[in-house]
Amino acid sequence: MEDYDNAKKPRSSDHQQQQRRSRAMILLLILTNTTSILVFSGAGAALHAQIGKHYPSIATWGSTKLLRELNVTGLALAASHAEVVDLSARLTAANKLLEDILSGKAAKRDMEAAKQEQREASTTGMLWRRDRRLHSGELRRAVGPHRLPLGPSSPSRRLIGGEMFPALGQACHRYIAEVEQYMNYTSGEECPSDEAFAQRLMLKGCEPLPRRRCRPRTPAGYVEPTPLPASLWAIPPDTSIVWDAYTCKNYSCLVNRGRTKGSYDCKDCFDLLHGREKDRWMRRRTGAGDDDDRNSLDYTIDGVLAMLPRGTVRVGLDIGGGSGTFAARMRERGVTVVTTTMNFDGPFNSFVASRGLVPLHLSVASRLPFFDGTLDVVHSMHVLSSWIPDVMLEFALFDVYRVLRPGGVFWLDHFFCLGTQMDATYLPMFERIGFEKLRWNAGRKLDRGIEMDEWYISALLQKPRR
């Protein structure tokens, strides 16, 4: 209270000069801030034009002049405040518009662009057509699209639209140079001898390959095949195929390959009379009578068929069936089996066909070309095993489940894995598929030593009827 009273007392002239200097400093600070506001708000030029006519200069001394300058400053501050309020309103509106664009139109535009990209990626012709690496006119014609010739009211147009796209493997687009080479031929003339090259493309995932407009070479001296049933166990003539793609140049070489050194896929599969092929899946006879295979990995065809209602196994599939012996044995029992096989340095598909059986040149990565629930039995020996990545294997097993009819059986024959994989990976995988176990046998693979912990699994798995 005492300090307050002292502040009200009259001051000396020195004090009055100090007060004027303080006021001048305050005014200078106000003017500096005001100038900054005017400059950055955009209103300074207009304000200066109006006020400068009446107040051309600003003095920092004298009471009258100081009051005048304060009034001018008040006007300037009021005008600046109005400009700042207007600028703030504009900024608020701009922010709101920006938010609307980002959350609405821009997001919608991005979504539409993403959808269009997906549509183009899913349309083989658009994907290929946009690729600048594509040079071959024949390849361009093969991948399409091709406009349907019938009118808009035709049933085909109602089903698939106005264009048709040929089926083409997903990975073909990754190997455009190789596919261009595959499609480099003279239309209407003989196809290049490039079977091994084409199969390598298939194994890379370019499956199916594009169709071609050329003719495969006919073998010189071709003769008619051996009639059934003798063809099931007959070696075809060497003139039945073209040998360019293979190390062996005749069937005699292939038959004897099992007795030579070297690693070959199914190296003894072509010896139908003296090798293991003639005994595969057959009941072995000893002096004591027929062997019981109930505790064996080597199931027999007759033993498996005996577990199922008589006559209900009619059509089936053998995945990776080599030279077709499983299908031949089933054919002898009135069952039609299609054999998928690849030509790994041997004419496996041609050999299967020469026996009077149905080959299918198809890799294990492909979707099975059968409708849901149509097959009575699917068999696979060695092929569906741990060498396939787990995710791909599970998709393949679900595909087997898909094509089997209710009550159909999957004959898993000598599935190879390590002991650590059996319980941790494959048993849970088969549980997820949903098969019911009719038979299940596991045994060690000992040819490389017990310390390798290698195992085989043979099983008979049934698709539930529910």
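**Exercise 1.** Determine the handedness of the link between cysteine 191 and cysteine 214, and state which parts of the chain the pair ties together.

*Solution.* Step 1: the angle about the S-S bond is 100 degrees, and the link of cysteine 191 and cysteine 214 is right-handed. Step 2: cysteine 191 lies in the loop between helix H8 (176-182) and helix H9 (195-203), while cysteine 214 lies in the loop between H9 and helix H10 (251-256), so the pair ties together parts that are 23 residues apart in sequence. Helices here are DSSP runs of H or I with at least four residues, numbered from the N terminus. Step 3: the sulfur atoms of cysteine 191 and cysteine 214 are 2.0 Å apart, and a disulfide is defined as a pair of cysteine sulfur atoms within 2.5 Å.

The model is predicted: local features need pLDDT of at least 70, side-chain atom pairs count only at pLDDT 80 or more, and totals for chains, interfaces and linings use all residues. Residues are numbered from 1 along each chain as its sequence is written, and side-chain values use heavy atoms, with hydrogens and water left out.

**Exercise 2.** Decide whether cysteine 191 and cysteine 214 are buried or exposed.

*Solution.* Step 1: the classes are buried (under 20% relative accessible area), exposed (over 50%) and partly exposed (in between), with a 1.4 Å probe and protein chains only. Step 2: cysteine 191 has a relative accessible area of 11% and is buried. Step 3: cysteine 214, at 13%, also counts as buried.

**Exercise 3.** Describe the disulfide between cysteine 248 and cysteine 253.

*Solution.* Step 1: the S to S distance of this pair is 1.9 Å. Step 2: the angle about the S-S bond is -55 degrees, and the link of cysteine 248 and cysteine 253 is left-handed. Step 3: cysteine 248 is buried at 4% relative accessible area, whereas cysteine 253 is partly exposed at 32%.

**Exercise 4.** How many disulfides does a search of the whole structure find, and which pattern do they follow?

*Solution.* Step 1: the search finds four disulfides. Step 2: with bonded cysteines counted along the chain, the pattern is 1-3, 2-4, 5-6, 7-8.

Key: Helix = DSSP H or I, 4+ residues; strand = E, 2+ residues; numbered from the N terminus.
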